[in-house]
Amino acid sequence: MRMTIQRKIILETMRHLKSHPTADELYAMIKPRLPRISLATVYRNLEMLAAEGIIRKFSLQGSTQKRFDGNPHPHCHAQCIRCGKIEDIMVDPGLDPKAYVKEAWGFDIQDWTIEFRGICAECKALPKESQQWFKQKEEKKNGRKKSKRNQN
Ligand SMILES: [Zn+2]
Ligand SMILES: [Zn+2]
């Protein structure tokens, strides 16, 4: 694969980012450095880098939005249900889920993902008042679901 200046800057930015951006988000981030670049070019380059295995492409469960990941090492993701941040969770290199599943279940695994959802350290450290605000927001959001569950 030919490394154009644009592709180099996209890759460089991806390697430093911890935020798992969508193509649109990355486009907004690199636009100041590459004022003439188009969203289509950013998207095409991300797809090519992902196809080569240089970066990773994924979408979170329940979402069709494609995200890109500059961390090439095997890892899982944890998404914060409050701020939406997606953090990398590094897997113990001695732990090989593929080998385990193959041996225990006789299933040849081609690919796997583990996704965690919860509350990140930063949100947990927020002062009480903002936690209360988040809680109320969540309760409002889950209100319908909860009452449904109670009926059963
Ligand atoms: Zn958070
Ligand atoms: Zn990641």
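Colleague: I would like to begin with the contacts: what share of those with a separation of 6 or more in the protein chain comes from residues 24 or more positions apart?

Modeller: Two residues are in contact if their C-beta atoms, placed from the backbone, lie within 7 Å. In this protein chain, 48% of the contacts with a separation of 6 or more are between residues 24 or more positions apart. Please keep in mind that this is a predicted model, in which local features need pLDDT of at least 70 and side-chain atom pairs count only at pLDDT 80 or more, while totals for chains, interfaces and linings use all residues. Residues are numbered from 1 along each chain as its sequence is written, and chains are lettered from A and ligands numbered from 1 in the order in which they are written.

Colleague: How do I read burial, and what percentage of the 152 residues is buried?

Modeller: A residue is buried if 20 or more other C-beta atoms, placed from the backbone, lie within 10 Å of its own, exposed if 12 or fewer, and partly exposed in between. By that count, buried residues make up 11% of the 152 residues in the protein chain.

Colleague: Which residues make up the largest nonpolar core?

Modeller: Such a core is a set of buried Ala, Val, Leu, Ile, Met, Phe, Trp, Tyr and Cys residues joined through C-beta atoms within 7 Å. The largest one has ten residues, namely I10, M14, A23, L26, Y27, V42, L46, L49, I55 and F68, and the elements that give two or more residues to this core are α1 (5–16), α2 (23–30) and α3 (39–51). If you follow L26 in the structure, leaving aside residues up to four places away in sequence, you will find that L26 touches T13, P21, V42, L46 and F68.

Colleague: At what angle do α1 and α2 pack?

Modeller: Two packed helices are described by the angle between their axes and the distance between the axes. Axes are lines fitted to C-alpha atoms, for helices over the stretch in contact, and angles run from 0 to 180 degrees between N-to-C directions. For α1 and α2 the angle is about 105 degrees and the axes are 11 Å apart, so the two helices are roughly perpendicular to each other (65 to 115 degrees; under 35 counts as roughly parallel, over 145 as roughly antiparallel, the rest as oblique). The contact is made by I9, I10 and T13 of α1 together with L26, M29 and I30 of α2.

Colleague: Where is H20 found, and is H20 buried or exposed?

Modeller: H20 is found in the loop between α1 and α2, and H20 counts as buried because 22 other C-beta atoms lie within 10 Å. Although H20 is not a glycine, H20 has a positive phi of about 55 degrees.

Colleague: What is the order of the strands in the open sheet?

Modeller: Strands of a sheet pair through backbone hydrogen bonds, either parallel or antiparallel. Two strands are taken as paired if DSSP finds at least two bridges between them. This open sheet has three strands in the order β4-β3-β5, with mixed pairing. Because β4 and β5 stand at the edges, each with a single partner strand, one side of each is left without a neighbour in the sheet. The twist averages 30 degrees from one strand to the next.

Colleague: How many residues of α4 are buried, and where is D108?

Modeller: The count of buried residues among the nine of α4 is zero, and α4 is hardly covered. G106, whose phi is positive, near 65 degrees, follows α4. D108 lies in the loop between α4 (97–105) and β5 (115–118), and D108 counts as exposed because there are 8 C-beta neighbours inside 10 Å. K98 and D108 are ten residues apart in sequence, and 7.6 Å apart in space from C-alpha to C-alpha.

Technical notes:
Helices (H or I, at least four residues) and strands (E, at least two) are DSSP runs, numbered from the N terminus.
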